[in-house]
Amino acid sequence: SVNEHIKTIRRFIDYLYSEDYIDKPISIKLLKTTKDISKKGLTDDDIKEILASIKGNDFISCRNRAIISFFVDTGVRVSEIINIKVTNISDVVNVTAKNKTRTVPISPKLQLILLKYMKVRAKNLHNDSEYLFYSRSGKKLTNDSIEKMLKRIRLDLHPHMFRHYYISSLLKNGVNLFYISKLVGHSSISITQTYLDYVDNENILDSVKKFSNL
């Protein structure tokens, strides 16, 4: 909650600087927080329910449906999704973060959702934007605008919940830990390992049963 107040003060300072009330911008750092990965994450049913709650075929509805589907299917960070450009998309997506680019696969289902979104996007007034997702007025989306969009759908939703769901789903399906770490852009595999505590023993046993050294 303190960081939310700091974000508001930052915007006010930006306004003061843009209107020449102050001579130079003032930088206020956010407080560092420890990442708490809740065991009560999103389930497959939650994802279906969230997507089903977005009604309509207008630009905003199609965009929001595509954004959430993108989160679920690729595990990208909110800071990454707002910077994805149309040219970054094919049967994979090239994601750039901290001057490093990684390639993440896109499922056929997400490709279909994006195709439907692009058809609606083509009819939008601001369809010449270089960014894949943008606001109603054609402006680049921000972290805050994505978070507010999710809150309107469900109060407890946060972008990182989808990333958590993505990583946990891959682990439960037996995907190699090193592969996952590279896919999601973790700086160290030890970060990815923290998610292992949230994989049930039942999932581990089911995965191991599929393999044999004989």
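Guide: Axes here are lines fitted to C-alpha atoms, for helices over the stretch in contact, and angles run from 0 to 180 degrees between N-to-C directions. The model is predicted, with local features needing pLDDT of at least 70, side-chain atom pairs counting only at pLDDT 80 or more, and totals for chains, interfaces and linings using all residues. Residues are numbered from 1 along each chain as its sequence is written, and side-chain values use heavy atoms, without hydrogens and water.

Visitor: What makes α2 and α3 roughly antiparallel to each other?

Guide: α2 and helix α3 (residues 59-74) pack at an angle of about 165°, with their axes 10 Å apart. Angles under 35 degrees count as roughly parallel, over 145 as roughly antiparallel, 65 to 115 as roughly perpendicular and the rest as oblique. The angle of about 165° is therefore in the roughly antiparallel class.

Visitor: Which residues of α2 and α3 meet?

Guide: I47, I50 and L51 of α2 meet R65, I68, S69 and V72 of α3, where contact means heavy atoms within 4.5 Å. By class there are 5 nonpolar, 1 polar and 1 charged residues. Ala, Val, Leu, Ile, Met, Phe, Trp, Tyr, Cys and Pro count as nonpolar, Asp, Glu, Lys and Arg as charged, and the others, Gly among them, as polar.

Visitor: Why is α7 called roughly antiparallel to α8?

Guide: Helix α7 (residues 159-172) and helix α8 (residues 177-184) pack at an angle of about 155°, with axes 10 Å apart. That angle makes α7 roughly antiparallel to α8. The contact is made by R163, Y166, I167, L170 and L171 of α7 with L177, I180, L183 and V184 of α8. These residues divide into 8 nonpolar, no polar and 1 charged.

Visitor: How do you know whether D20 is buried or exposed?

Guide: Buried means under 20% relative accessible area, exposed over 50%, and partly exposed in between (1.4 Å probe, protein chains only). D20 has a relative accessible area of 67%, so D20 is exposed. D20 lies in the loop between α1 (2-18) and α2 (44-52).

Visitor: What is the phi of D20?

Guide: Phi of D20 is near 65°, a positive value in a residue other than glycine. Most residues other than glycine have a negative phi.

Visitor: How many helices and strands does the protein chain have?

Guide: The protein chain has 10 helices and 2 strands. Helices (H or I, at least four residues) and strands (E, at least two) are DSSP runs, numbered from the N terminus. Of the 214 residues in the chain, 35% are buried.
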